[in-house]
Protein chains: 2
Amino acid sequence: MIKRYLLAPGPTPVPPEVLLAMAQPVIHHRAPEFAQLFGEVREELKWLFQTANDVLILAASGTGGMEGAVSNFLSPGDRALVVNGGKFGERWGKLCKTFGVQVTEIKVEWGQAVDPQQVADALKKDPTIKAVYVQASETSTGVAHDVRALAEVVRPLEGTILVVDAITALGVFDLQTDAWGLDVVVTGSQKALMLPPGLAFVSVSEKAWTLADKARNAAFYFNFKKERESQVKNQTAYTPAVSLILGLRAVLKMLKAEGLAEVFGRQARLAHAMREGVKAAGLALFPKQSPSDALTAVCAPEGVDGQAIYKNLRVQYGITAAGGQDHLKGKIFRISHMGYADTFDIITAMAAIEMVLKGLGYPVTLGRGVAKAQELLMVKG
Amino acid sequence: MIKRYLLAPGPTPVPPEVLLAMAQPVIHHRAPEFAQLFGEVREELKWLFQTANDVLILAASGTGGMEGAVSNFLSPGDRALVVNGGKFGERWGKLCKTFGVQVTEIKVEWGQAVDPQQVADALKKDPTIKAVYVQASETSTGVAHDVRALAEVVRPLEGTILVVDAITALGVFDLQTDAWGLDVVVTGSQKALMLPPGLAFVSVSEKAWTLADKARNAAFYFNFKKERESQVKNQTAYTPAVSLILGLRAVLKMLKAEGLAEVFGRQARLAHAMREGVKAAGLALFPKQSPSDALTAVCAPEGVDGQAIYKNLRVQYGITAAGGQDHLKGKIFRISHMGYADTFDIITAMAAIEMVLKGLGYPVTLGRGVAKAQELLMVKG
């Protein structure tokens, strides 16, 4: 018997109270109880997104939200700027291509964050660019792009919107949708929102809605304008994922009880302890700068296969983490601490990493990384 | 937000598959499906108890089983020998007194195991003693009494039975009911059986049934003979705790899949790592000998209040352990690792103990006990 630990950057662990909420009988989505439920979660989502804008709820994974964030705002032939610093930046490019959008790509070395000046320069060079696509947290590299700084660049441009993939960012660290001017913010249910996969969320600013009025791309299921018309009436255009929305109400209640600043504080504390623990164990972090608090990407040490670390964590210790993607396969492994995570998830991850490395013959001193994490996560008083 | 960890010596964590099994619709206890279910779990319980005897299932906590193990076998005025080496040994004495049984008590210093020779001497001195009551694992002190050796003493005596409280023993370490000759073995659901509280189990040997034929104590709800008559027909005399029995089927399936030797091996490995971790952290184990693999009782270090350790584990770190009872209050704290426990429960407990002690100003080196547990729990290969 080994217990299973879900420390992958999504899906993340679902709290028992949320699982219980989802086990309730299914409500019919055209019944008044559903409208009541939907109205509640719509309000609380605005709180979570720090916005007065609508936050659309879609029965889809995060990628569905990303698709809509391309198809609803741009027409074939329109120009977009894509920040590509990893697997998910790359996905923005693929989506644009699928919808006939002309892409200027800023290639960012994996492990680095984009330099906002580069974005400013590109926009200056091509004023016809209608949208900038970026990740707030690039899950494949564990790097956070400074979307606040990017918003400062984009906000003054009347015809250009900033679209943020916040799938592993929203609910992890501060993202002030309205105050910073993030036009479109996309997230998914199975990350910091502590739900199973199946819901995407998209907030849309007035500036973005204006762009949507002119867009001529085909969007039926992910038709944001149609969804907005329904959702302001606490309905959905198509059948919603009712049980997940029951779970969402429970999640929002938990997050609200903890408080937004406290949630961000906890996530930052856990991330910091994980990073310092990793370094104390003699390992190197993969991000060269601006690590995301959602997950920690760690370089496999010289002579050790990152995939073996990932595999042994799972097979020997029951811990599902993540390996590296594409050219990082075998080079890094990734541990998530977003969402329903606390001190002993970090301790568990750190202890298991040390044990796996030692098991693979790497000269690690057991307990050294753990001790650093313990030190940083000690409760005072 | 802090997560809750149940590391108390009962109730212990319930595996998700067991919780799900218990969430099934309630079956009527006189319907054929129930008889089918009951027949299945009765058979599997014999496997777990290592016996061909009946294993009665009662809707009660372990103490209900203990009460029946006095009232069904002895009459007012009968003589019993009680091994009292802790809170639960003491309980045997109280039960005997309640049912008018004359008790000879062997007082064992808390933290020590009984010397089988003492039991042999007491039985030789008083051949009228009809029953010997003992704990296989004394939960209040974390000590295991050698019931195998006691059985060797009692088995040859025609008119005397050995009654074993195995509430924190059965499913933790080897207890060969038939091979050793344990006449009555009592356990509860909320310990190594990984269920919520609410069920007691009692195996009864033929020798004990013979004694039961002559017993004249009042027993209505805990009337073992009446239960036996029903249970051999896959019924119960009174309403059974149906959902817990659905859970029990799931538990027995899990234990069977793991294998009895493997379960005992895992429990022993975890217990050993916990004890060695505690010592590596500079702390002293409370048991002077024969520690139980179910739980680890640890001495609060000089100048540190054991209750503060217990309280801080819970309040600061979300870990419910246990303090000391009676005169041990403040002197020890106890961590359970029986039942649904694995490597990272030990790591979590060890890390938290170190953090709490350091927080209380005790000069502990963070990570030292954890490292020892890591070393001992490393998966080879």
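# Close-up views of a predicted two-chain model

View 1. A:Met194 counts as buried, because 25 other C-beta atoms lie within 10 Å and the cut-off for a buried residue is 20 or more. The model shown here and in every other view is a predicted one. A:Met194 belongs to the loop between S9 and S10 of chain A. Most residues other than glycine have a negative phi.

**View 2. A:Gln50, a partly exposed residue with a positive phi.** A:Gln50 sits in the loop between helix H2 (32-49) and S2 of chain A. Although A:Gln50 is not a glycine, its phi is positive, at about 55°. Is A:Gln50 buried or partly exposed? With 19 other C-beta atoms within 10 Å, A:Gln50 is partly exposed, because a residue needs 20 or more such atoms to count as buried.

View 3. In chain A, the peptide bond that joins A:Gly10 and A:Pro11 is cis, with an omega of about -5°. A:Pro11 has its place in the loop between strand S1 (5-6) and helix H1 (16-22) of chain A. In chain B, the bond from B:Gly10 to B:Pro11 is cis, and its omega is near -5°. B:Pro11 is found in the loop between strand S1 (5-6) and helix H1 (16-22) of chain B. Most peptide bonds are trans.

**View 4. Helix H3 of chain A and the elements that cover it.** Helix H3 (residues 62-71) of chain A is mostly covered, with 8 of its 10 residues buried. Which residues of H3(A) are buried? They are A:Gly62, A:Gly65, A:Met66, A:Glu67, A:Gly68, A:Ala69, A:Val70 and A:Ser71. The cover over these buried residues of H3(A) includes strands of chain A, among them strand S2 (54-59), strand S8 (161-165), strand S9 (184-188) and strand S10 (199-204). Helices of chain A also take part in this cover, including helix H4 (87-98) and helix H9 (224-231).

**View 5. An open sheet of 3 strands in chain B.** The strands of this open sheet follow the order S11-S14-S13 in chain B, and their pairing is antiparallel. Strand S11 (295-299) and strand S13 (322-323) of chain B stand at the edges, and each has a single partner strand, so one side of each is left without a neighbour in the sheet. Helix H11 (residues 260-280) of chain B packs on the sheet, where it touches S11 and S14 of chain B, and the direction of the helix makes about 10° with that of S11(B). Strand S14 (residues 332-336) of chain B is joined to S13(B) by 2 bridges, and the two strands run antiparallel.

**View 6. B:Gly323 and its surroundings.** B:Gly323 lies in strand S13 of chain B, and its bridge partner in S14(B) is B:Phe333. Because B:Gly323 has 21 C-beta neighbours inside 10 Å, it counts as buried. Leaving aside residues up to four places away in sequence, B:Gly323 touches B:Gly306, B:Gln307, B:Tyr310, B:Lys329 and B:Phe333. The C-alpha atom of B:Gly323 is separated by 8.2 Å from that of B:Ile309, which is 14 residues apart from B:Gly323 along the chain.

**View 7. Where the two domains of chain A touch.** Chain A is divided into domain 1, with residues 5-10 + 259-377, and domain 2, with residues 16-257. The centres of these two domains, taken over C-alpha atoms, are separated by 27 Å. In the contact, 25 residues come from domain 1 of chain A and 24 residues from domain 2 of chain A. On the side of domain 1 that touches domain 2, the elements that give two or more residues are helix H11 (260-280) and strand S11 (295-299) of chain A. H11(A) provides the largest share of that side, with 4 residues. By class, the residues of that side divide into 13 nonpolar, 8 polar and 4 charged.

**View 8. Where chain A meets chain B.** Here 27 residues of chain A are in contact with 27 residues of chain B. On the side of chain A that touches chain B, the elements that give two or more residues are helix H12 (306-317), helix H13 (343-359) and helix H14 (368-377) of chain A. Which of these elements gives the most to that side? H13(A) does, with 9 residues.

Technical notes. Residues are numbered from 1 along each chain as its sequence is written. Chains are lettered from A and ligands numbered from 1 in the order in which they are written. This is a predicted model: local features need pLDDT of at least 70, side-chain atom pairs count only at pLDDT 80 or more; totals for chains, interfaces and linings use all residues. Two residues are in contact if their C-beta atoms, placed from the backbone, lie within 7 Å. Two strands pair if DSSP finds at least two bridges between them. Axes are lines fitted to C-alpha atoms, for helices over the stretch in contact, and angles run from 0 to 180 degrees between N-to-C directions. A residue is buried if 20 or more other C-beta atoms lie within 10 Å of its own, exposed if 12 or fewer, and partly exposed in between; C-beta atoms are placed from the backbone. Domain bounds come from an automatic or database domain assignment. Ala, Val, Leu, Ile, Met, Phe, Trp, Tyr, Cys and Pro count as nonpolar, Asp, Glu, Lys and Arg as charged, and the others, Gly among them, as polar.
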